Amino acid sequence: MSIVATVAVLAVAALHAYILVLEMFLWTAPRTRAAFGTTAEFAAETKVLAANQGLYNGFLAAGLVWGAVADEPVAFAARVFFLVCVAVAGVYGAATASRRILFVQTVPAVIALALVIAAH
């Protein structure tokens, strides 16, 4: 895989690791609430749900890191699978929560996917 594709995959992984931290550990913090557009009351009521969601983002990040460091033929399959998962999750989030998710999550995943496929 090219260096550019690897960096793109790792950037998407880093984004999802950051989302894990926000959702699992900083969900009720003022800056996190501002980023997600939630109130203090809503954040307190949904803290457990957000932590669960953060855990899933961590699994996506772990899968992307695995794909970036694994040997072929597993590497390509893992990168494609996890980038498609990120893109689909982003489309769903954009349709159900906020259109902004499309640009924050789906667009980077699709760009990384295109680079991975081009490098293969």
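Reply: Start with α1 and α4, which cross in a left-handed way (left-handed: the near helix is turned anticlockwise from the far one by less than a right angle; right-handed: clockwise). Helices here are DSSP runs of H or I with at least four residues, strands are runs of E with at least two, and both are numbered from the N terminus. The model is predicted: local features need pLDDT of at least 70, side-chain atom pairs count only at pLDDT 80 or more, and totals for chains, interfaces and linings use all residues. Residues are numbered from 1 along each chain as its sequence is written, and side-chain values use heavy atoms, without hydrogens and water.

Me: At what angle do the axes of α1 and α4 cross?

Reply: Roughly 160°, and the axes come within 8 Å. Axes are lines fitted to C-alpha atoms, for helices over the stretch in contact, with angles from 0 to 180 degrees between N-to-C directions. The pair is therefore roughly antiparallel (angles over 145 degrees; under 35 is roughly parallel, 65 to 115 roughly perpendicular, the rest oblique).

Me: How do the residues of that contact divide into nonpolar, polar and charged?

Reply: 16 nonpolar, six polar and one charged. Nonpolar covers Ala, Val, Leu, Ile, Met, Phe, Trp, Tyr, Cys and Pro; charged covers Asp, Glu, Lys and Arg; the others, Gly among them, are polar.

Me: And His16, buried or exposed?

Reply: His16 is buried, because its relative accessible area is 0%. Buried means under 20%, exposed over 50%, partly exposed in between, with a 1.4 Å probe and protein chains only. His16 sits in α1, residues 3–25.

Me: Which residues does His16 contact, leaving aside neighbours within four places in sequence?

Reply: Asn57, Gly58, Leu60, Ala61, Val86 and Gln105. Contact means heavy atoms within 4.5 Å.

Me: New topic. Where is Thr28?

Reply: Thr28 is in the loop between α1 and α2 (30–36). Thr28 is partly exposed, with a relative accessible area of 37%. Not counting residues up to four places away in sequence, Thr28 touches Arg33, Ala43, Ala44 and Lys47.

Me: How far apart are the C-alpha atoms of Thr28 and Thr39?

Reply: 8.7 Å, with the two 11 residues apart along the chain.

Me: Last one. Which residues does the cis peptide bond join?

Reply: Glu72 and Pro73, with omega about 5°. Most peptide bonds are trans. Pro73 lies in the loop between α4 and α5.
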